[in-house]
Amino acid sequence: MKLTGNILNIKNKRDDRNAGIAVEVDKIEYVTYKKDGKYFQPFNLEVELEEPLVITGDQLARKPEKHLQEGEYDFDVYDKEDGEYVRNENRFLSVLLVYDEFEHEHVLSSVEYTVTISNEEFKVLKEEQHKLRHSRKGLGKKKK
């Protein structure tokens, strides 16, 4: 995870002028909801990326939520479709900044990038990750 630029410059409306701000995400949390009895329960899967996903500031707008802890900021994520920015309700970014009094600046502490997907997509992704993990475990074994 890495932050370039001042993410605090991003306000409640998406703005092209924030294109110089970039957040590198090295882990994506995929979430789906399955019905358990009469209530929907969330299921999640965290995927470590080999190369970081870069989200630029022109794709973000700060969520106007008042109940966040100090230093925590939530963002709506926008996709660019046919030259227009469209809010993607299935994507969500949350960052935690800690103020370093010695350096007198905010430092990125954590990044959460969440993508909500369908149950079918979740099953396929989970199977792929399971196969990938098993293939990585098999690389280090020697045959006798």
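**View 1. Surroundings of I7 in the predicted model.** Setting aside neighbours within four places in sequence, the residues in contact with I7 are I21, V23, R62, F75, V95 and L97. The model shown here and in the views that follow is a predicted one.

**View 2. Strand β2 and its pairing partners.** Strand β1, residues 2-4, pairs with β2 in the antiparallel sense over three bridges, and within that pairing K2 has E24 of β2 as its bridge partner. Strands β2 and β3 also run antiparallel and are joined by 14 bridges, with V23 standing opposite I55 of β3. By contrast, β2 and β7 run parallel and are joined by four bridges, and here V31 stands opposite T116 of β7.

**View 3. The turn between β2 and β3.** Strands β2 and β3 form a hairpin in which two residues lie between them, and G37, located in the turn, has a positive phi of about 75 degrees.

**View 4. The salt bridge between R17 and D15.** In this pair, which is one of the salt bridges of the model, the closest N and O atoms of R17 and D15 are 2.7 Å apart. R17 counts as exposed, with a relative accessibility of 74%, whereas D15 counts as partly exposed at 21%. A search of the whole structure finds six salt bridges.

View 5. K63 forms a salt bridge with D76, the closest N and O atoms of the pair being 3.6 Å apart. K63 lies in the loop between β4 (60-62) and β5, while D76 lies in strand β5 itself, so the pair ties together parts that are 13 residues apart in sequence. D76 counts as buried because its relative accessibility is 13%, which falls under the 20% cut-off. R87 forms a salt bridge with E89, where the closest N and O atoms are 3.8 Å apart; R87 is partly exposed at 38% relative accessible area, and E89 counts as exposed at 65%. Through salt bridges that share partners, K63, D76, R87 and E89 are joined into one network.

**View 6. The whole chain, for orientation.** The protein chain has one helix and seven strands, which follow one another along the sequence in the pattern β-β-β-β-β-β-β-α. Its radius of gyration is 18 Å, well over the 15 Å that the globule rule gives for 144 residues, so the chain is more spread out than a compact globule. Taken along the principal axes, the C-alpha atoms fill a box of roughly 55 × 45 × 35 Å. Buried residues make up 31% of the 144 residues, and the accessible surface of the chain comes to about 10700 Å², of which 47% belongs to carbon and sulfur atoms. Among the contacts with a separation of 6 or more, 48% are between residues 24 or more positions apart.

How values were computed
Residues numbered from 1 in each chain as written. Predicted model: local features only at pLDDT ≥ 70, side-chain atom pairs only at ≥ 80, totals over all residues. Heavy atoms only, no water. Contact = heavy atoms within 4.5 Å. Pairing = 2+ DSSP bridges. Rg over C-alpha atoms; globule rule 2.2 N^0.38 Å. Buried < 20%, exposed > 50% of the residue type's maximum accessible area, 1.4 Å probe, protein only. Areas by Shrake-Rupley, 256 points an atom, 1.4 Å probe, with all protein chains shown as cover. Salt bridge = Lys/Arg side-chain N within 4 Å of Asp/Glu carboxyl O.
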